[in-house]
Amino acid sequence: MTTSKDEQARTEPRVGPTPEGEPRYRPYRHPAAGWGAAKSVSRFLAREGALLDGPRAIMRMNHENGGFDCPGCAWPDDTKGLHLDICENGIKHVTWEMTSKRVGREFFAAHSVGELSEWSDFALEDQGRLTEPMVYDPDTDHYVPISWRDAFALVGRTLRELDHPGQAAFYTSGRLGNEATFLYQLMARELGTNNLPDCSNMCHEASGRALQASLGTGKGTVDLKDWETTDALFIIGVNAASNAPRMLTALAEAYKRGTQIVHINPLIEAAARRTIIPHDFGDMATGHSTPTSTLNLQPRIGGDMALVRGMAKAVLEQAGSDPKAVDREFIDRHTTGFDAYRQVCEATPWEEIEHQSGLSRDDILKAARVYRDADRSIISWCLGVSQHEHGVDTVREIVNLLLLRGNLGREGAGPSPVRGHSNVQGNRTCGIDHRPEPEFLDRLAGVCGIDPPREHGLDTVGTIRAMHSGDVKVFVGMGGNFALAAPDTSYTYEGLRKCELTVQVSTKLNRSHLVHGRRALILPCLGRTEKDHQRGGIQSTSVEDSMSMVHLSVGMKRPASPHLLSEPAIIAGMARAALPDSPTPWEWYVEDYDRIRDTMAQVLDGFEDFNRRVRLPLGFRIKQPARELVFRTASGRAEFSSAPLPDVVPANGTLALGTMRSHDQWNTTIYSDNDRYRGIRNLRTLVFMNEDDMRDRGLVEFDPVSITATAKDGSTRTLDGYLAIPYDMPRGCAAGYMPEMNALVAHGDYSAQSDQPLMKHLKVTIRHVRA
């Protein structure tokens, strides 16, 4: 399909604020974090009127004794008792939640949904915190107040009237705490469906499937102490300064210890150069910065697998003269498939590796030497690896490389995926999985006394298609902004509007409240910074970080409105209304979250003695069998894979485009139209391009362009009026911001390996738009 100009105007997100001035681009030359971050935070606190609450939150965030977990990224808490384990984006995220602005019934009475649909997404969220439940009135095109009882009754009645439970889908974003997550999946499964799409389906699904196939676990095996003792760090497809800023501390400390740090990314991001850690007051005072890399490599978009294959090939070639280059004892005792993998490496020509990676053999050998010379290595990656057609194969290739030298099951070594959103990993651990394991369902059935469905449910892509076809009639979203986060904006909008009922559990107004079904509810919930009062007293919730540590989070602030409910209370209210005869003690669970945790301890592997262990300093780490060299694979061993290299080189005249966040952004929440670390001010509708690619198309800086993506089925989607920016990146590559560019990602363009939308590898043509 080709998106028409009229259709594009209705569906293309208007995300950022009104620009403060003319667009500007000046390459960023300063260290990451440091005074740039401090000034940005100060301006943000002043803008949000949080000059008192902001500093109070800073002193309570990520603290082990009575503090709350940052609702931003999932980077682990510092193990050394750091009192300022915070970052610029975390402070902005918390302040954005703690705003004094309110969105109540007066606001909705003054503004119709039609009017609000014309607002930018920044303007919607900037109105402040939602204060009471609202229901859509189609006669007036306004949201109007509804009591909690009536809201739950509407949800329950609609769910009971469905022809079958599979006509409902229950989505969650990463911010949902573990206790609410467990209740949410319990409700869905007691209703009779595994339709539990989540944000992981769009982000790290490939990582989980690859690690499960290779090692028998869907998670990384390392923890923060391993980062503190490793000899070499390989950071692939990660923009740490924006997406996991607290990683900067780990990188700076690693450099000072003499650790080799190799960054692999088409764009050399700020975190891959130098940093000043804001809580290092001496460096802040003197302006002394610390390098965060010893080598930077820029493969083409999608070329990571070829690079890693080249490193493995180099290690295997060296083993011919130096048997210690490969750990044969480890391979023979703990792995299977090595001979086949060695043959694949030997049969892959260096010329093909160079062609597909976009790197020279010499550059690949530099990385291979770092890996070979290190006794212990960690390989870390993020969405730059996973959001591709061949994401599963690439992560498995990473594991192959680690296995060659026995970099598993010992301190300072192993795979380390960087999860982007706080508790997104905990969501999956605690049951948000459309493809649940039979063993989990057996325990759930035995402990909770329900008969959970056994057939697989719908993931995110499947849910969008099912809404579009009418097979899913009820969509419930626990947090997030599904309408903006999902691919193929116009198609997703159409699917949501075909639903009988859409329910959004949220803290702030967003696009998903305006792109709704025939009936729609907005159910406002507590934020993570707020005190959760229940009959049993102030409640805590638990979260899991990206390295499998589980710890408690306790809010510090009075709720934004007396009408807010906690997420567990909202879930329990919907569940009781939909399942009036349910034996599950929903109300009893909500009175005291320790009761939920006691049940979770019986159902979830690794959560034994949950209530005691989660109250230990820093909580507890979920056991990782693969770290102990216990592999829950079919063979009982770690498994080498032998996939052929994919062809990722763009055809003549086309470019590979990847979507990404700006720095002043968290997922679909935009704080400003600036991107400090990439030197951009007052602009989001842009495309970064290689300067030679721009020259080939007769483009100079700030020229307007039209970007057309061609899907697998031959259909096209176009964005017009974007501005071209020259940037240091490989030829044949381009990049721009999500969620605006999600409109280019066709609903049918998802990986056959992971079912993830191909957010990082769009096939596009870019042409000058002449005046």
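## Close-up views of pockets, contacts and backbone features

**View 1. The lining of the largest pocket.** By class, this lining is made up of eight nonpolar, 13 polar and 14 charged residues, where Ala, Val, Leu, Ile, Met, Phe, Trp, Tyr, Cys and Pro count as nonpolar, Asp, Glu, Lys and Arg as charged, and the others, Gly among them, as polar. The model is predicted, so that local features need pLDDT of at least 70 and side-chain atom pairs count only at pLDDT 80 or more, while totals for chains, interfaces and linings use all residues. Residues are numbered from 1 along each chain as its sequence is written, and side-chain values use heavy atoms, with hydrogens and water left out. The largest pocket holds about 1200 Å³ of space, and among its 35 lining residues Gln 212, Gly 218, Arg 428, Asp 433 and Glu 437 lie nearest the centre. Two or more lining residues come from each of helix H10 (205-215), helix H22 (424-429) and helix H23 (438-448), with H23 giving the largest share, five residues. Helices (H or I, at least four residues) and strands (E, at least two) are DSSP runs, numbered from the N terminus. On a 1 Å grid over the protein atoms alone, a pocket is an open set of points with protein on both sides within 12 Å along at least five of seven lines, a cavity is a set where a 1.4 Å probe fits but cannot get out, and lining residues have an atom within 4 Å of a point. Grid points are joined across faces, edges and corners, and a volume is the space filled by probe spheres set on the points.

**View 2. The second largest pocket.** The volume of this pocket is about 730 Å³, and of the 35 residues that line it, Ser 40, Arg 43, Asn 674, Arg 676 and Arg 681 are the closest to its centre. Helix H2 (34-47), helix H4 (88-97) and strand E28 (680-681) each contribute at least two lining residues, and H2 gives the most, with eight residues. The lining divides into 12 nonpolar, 10 polar and 13 charged residues.

**View 3. The packing of helices H15 and H19.** H15 (residues 304-319) and H19 (residues 361-373) pack at an angle of about 65°, with their axes 9 Å apart; axes are lines fitted to C-alpha atoms, for helices over the stretch in contact, and angles run from 0 to 180 degrees between N-to-C directions. Residues of H15 including Leu 307, Met 311 and Val 315 meet residues of H19 including Ile 364, Leu 365 and Tyr 371, contact meaning heavy atoms within 4.5 Å. By class, this contact has nine nonpolar, two polar and three charged residues.

**View 4. A salt bridge between Arg 597 and Glu 179.** The closest N and O atoms of this pair are 2.9 Å apart, a salt bridge being a side-chain nitrogen of Lys or Arg within 4 Å of a carboxyl oxygen of Asp or Glu. Arg 597 in helix H29 (residues 593-603) and Glu 179 in helix H9 (residues 178-191) are 418 residues apart, so the pair links distant parts of the chain.

**View 5. Two backbone features in loops.** The peptide bond from Met 738 to Pro 739 is cis, with omega near 5°, and Pro 739 lies in the loop between strand E32 (733-737) and strand E33 (762-768). Asp 141, in the loop between strand E5 (134-137) and strand E6 (142-145), has a positive phi near 60°.
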